[in-house]
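Please look over the sequence and the structure before reading on.

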Amino acid sequence: MLKVGILGAGRIAGVHAAAITAHSGSTLVAVSDFIPANAEKLAAQYGCEARTNDAILNDPTIDAVLIATSTDTHSGFIEAATAAGKAVFCEKPVDLSLARAQACQKLASASGRPVMIGFNRRFDPNFGALKAALDAGEIGKAELLSITSFDPTPPPVAYVKVSGGLFRDMMIHDFDMANFIMGTAPETINAVGTSIVDPDIGLAGDVDTAVVTMTYADGRIAVIKNSRRAAYGYDQRVELLGSKGMLQAQNVLENTVVKSTVDGVTGAKPTYFFLQRYTAAFTAEWAGFVAALANGTAMPVTLDDGVAALAMAGAATMSVKTGAPVRLDSI
Ligand SMILES: NC(=O)c1ccc[n+]([C@@H]2O[C@H](COP(=O)([O-])OP(=O)(O)OC[C@H]3O[C@@H](n4cnc5c(N)ncnc54)[C@H](O)[C@@H]3O)[C@@H](O)[C@H]2O)c1
């Protein structure tokens, strides 16, 4: 039985606490938060202890630490937990700074302890089936990837200011999805962005709507579209054109009822946001972590994957500022 401690007891920690306690191979021992009331609330909900970060990190009976604190603390906690001999699951992104994430990558790798990064979308059954069909050769060679990822509503500007920006906070998932599907990182990244949804996001130095085009060494192309607002809900689609056909992963809808009347044909909206859309993915993600530890196999999403996506976010941020494509090997 894998004994787990969670650092940070906010929104995403609750999702992970549910997955840990539901899994027959793991048990939640303790949670911490620098706002003690947050830890106490989550601990009461899942019948575990509320402790300090250090009390979790220094407990020799805890096998694995799940890092669900705010992004600027991730690298430090990955280093502390691996140095304490723990297996680590850390939420995305690895850090706000690429240099800091790379320093963490070196230390964690030297520790020899396994680290998984929480790119939950790789575990979505629809995107997983698309990837499996590609790998089985069902559409020939991949040529053009299009990823659409729109949030239902923009976050508060206070969140935007500490988020690292749209590319590090939001599109990082899509950069990782592109790497997952294409099997390699691109060569160049070209980004355009605007703050058309909420001008205050622009005043805070960020964009809320962006398009990124990426080119690969072998001539393939990928396009990612992000918006912080879609009036009809969370829009999460992937389309892959290959030499022998196309694969499309469509939205998951609130229900499958289609109403056809004299007025037209209508259906349900997409499920509201990530908590609803990716419930199965979060469960499968945790199962993937537990299985890799139990079997002694490589983590299904590595710290290297996390650093690669962060480098792409940095390149996109630079491209928006300069108005020019950025070679990934230049940053
Ligand atoms: N994979 C996903 O889809 C997904 C979704 C949401 C959030 N996230 C990531 O998860 C992380 C947390 O996001 P959230 O939405 O849960 O935020 P949140 O603000 O709801 O929760 C973060 C919690 O961490 C606590 N905290 C911050 N610094 C701490 C420290 N040094 N020690 C102890 N506790 C500390 C805060 O008090 C808060 O309770 C972010 O990095 C975010 O990018 C990932």
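**Overview**

Seven strands make up an open sheet with mixed pairing, in the order β12-β11-β7-β10-β9-β8-β15. At its edges stand β12 and β15 (326-327), each with a single partner strand, so one side of each is left without a neighbour in the sheet. Strands (E, at least two residues) and helices (H or I, at least four residues) are DSSP runs, numbered from the N terminus, and two strands pair if DSSP finds at least two bridges between them.

The model is predicted: local features need pLDDT of at least 70, side-chain atom pairs count only at pLDDT 80 or more, and totals for chains, interfaces and linings use all residues. Residues are numbered from 1 along each chain as its sequence is written, and side-chain values use heavy atoms, with hydrogens and water left out.

**Strand pairs in the sheet**

- Strands β11 and β12 (residues 245-249) run antiparallel and are joined by five bridges; a hairpin of two residues links β11 to β12. In this pair, V238 stands opposite A249 in β12.
- Strand β7 (residues 142-150) runs antiparallel to strand β11 (residues 235-242), with eight bridges between them. Here A142 stands opposite G242 in β11.
- Strand β7 is also joined to β10, in this case in parallel, by seven bridges. F150 stands opposite S227 in β10.
- Strand β9 (residues 209-215) pairs with strand β10 (residues 221-227) in the antiparallel sense over seven bridges. V212 stands opposite I224 in β10, and T213 stands opposite V223 in β10.
- In a regular strand the side chains alternate between the two faces of the sheet.

**Backbone features**

- The hairpin formed by β9 and β10 has five residues between the strands, and G219 in the turn has a positive phi of about 100 degrees.
- K92 and P93 are joined by a cis peptide bond, with omega about -20 degrees. P93 is placed in the loop between β5 (87-91) and α5 (98-111).
- For comparison, most residues other than glycine have a negative phi, and most peptide bonds are trans.

**The ligand and its surroundings**

- Which residues come nearest to the ligand? Of the 25 residues around the ligand, these are R11, I12, D33, N38 and T71; a residue is near a molecule if one of its heavy atoms lies within 4 Å of it.
- By class, the shell around the ligand holds nine nonpolar, 12 polar and four charged residues. Ala, Val, Leu, Ile, Met, Phe, Trp, Tyr, Cys and Pro count as nonpolar, Asp, Glu, Lys and Arg as charged, and the others, Gly among them, as polar.
- Polar contacts (pairs of N or O atoms within 3.5 Å) include one at 2.9 Å between an oxygen atom of the ligand and a polar backbone atom of R11. A backbone N or O atom of I12 also lies 2.9 Å from an oxygen atom of the ligand, while an N or O atom in the side chain of H173 is 3.4 Å from an oxygen atom of the ligand.
- The elements that give two or more residues to the shell around the ligand are α1 (11-22) and α4 (74-83).

How values were computed
A polar contact is a pair of N or O atoms within 3.5 Å; within protein, one must be able to donate a hydrogen and the other to accept it, and residues adjacent in sequence count only if both atoms are side-chain atoms.
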